[in-house]
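Subject: Structure handover

Hello,

I am passing on the structure we discussed. Please open it first; my notes follow below it.

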Amino acid sequence: MTLWVRFEQQGVIGFGVLDGDAVAVHSGDMFDRPQATGKKAPLSAVKLLTPSTPSKMICLWNNF
């Protein structure tokens with residue numbers, strides 16, 4: 001199973017595939033044909049982020 005992650009490295013946010021103790025960096029859109037760049041970032045040098053950034057917040061009120 002492929003494990004996709006988003007990460008921050010030196011103030012730059014990127015995404016890629018978890019590959020052992022590194023992240024295989026990809027470019028493009030994570031959800032529309034991402035392309036492998038051939039670069040790897042060690043897990044010790046990146047900060048893992050949430051899987052995606054929320055685009056909106058939906059709240060329910062008086063739901064019973």
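In which segment is Leu 3 found? Leu 3 lies in the segment before β1. Keep in mind that this is a predicted model.

Surface patch

Leu 3 belongs to a nonpolar patch on the surface, together with Met 1 and Leu 18. The accessible area of these three residues together is about 360 Å². Leu 3 counts as partly exposed because its relative accessibility is 42%, between the limits of 20% and 50%.

Aromatic pair

The whole structure was searched for aromatic pairs, and one was found. Its members are Trp 4 and Phe 15, with 6.2 Å from centre to centre and 40° between the planes, a tilted arrangement. The pair links distant parts of the chain: Trp 4 belongs to strand β1 (residues 4–9) and Phe 15 to strand β2 (residues 12–19), 11 residues apart.

Are the two members buried or exposed? Trp 4 has a relative accessibility of 37%, so Trp 4 counts as partly exposed. Phe 15 has a relative accessible area of 9%, which is under 20%, so Phe 15 is buried.

Nonpolar core

The largest nonpolar core consists of six residues: Val 5, Phe 7, Val 23, Val 25, Ala 41 and Val 46. Strands β1 and β3 (22–29) are the elements that give two or more residues to this core. Leaving aside residues up to four places away in sequence, Ala 41 touches Gln 9, Ala 22, Val 23, Val 25 and Val 46.

Regards

Definitions and conventions
Residues numbered from 1 in each chain as written. Predicted model: local features only at pLDDT ≥ 70, side-chain atom pairs only at ≥ 80, totals over all residues. Heavy atoms only, no water. Phe/Tyr/Trp six-rings, centres within 6.5 Å; stacked < 30°, edge-to-face > 60°. Helix = DSSP H or I, 4+ residues; strand = E, 2+ residues; numbered from the N terminus. Buried < 20%, exposed > 50% of the residue type's maximum accessible area, 1.4 Å probe, protein only. Patch = residues over 30% accessible without salt bridge, like charges linked within 9 Å, V, L, I, M, F, W, Y side chains within 5 Å. Areas by Shrake-Rupley, 256 points an atom, 1.4 Å probe, with all protein chains shown as cover. Salt bridge = Lys/Arg side-chain N within 4 Å of Asp/Glu carboxyl O. Core = buried A, V, L, I, M, F, W, Y, C linked by side-chain atoms within 4.5 Å. Contact = heavy atoms within 4.5 Å.
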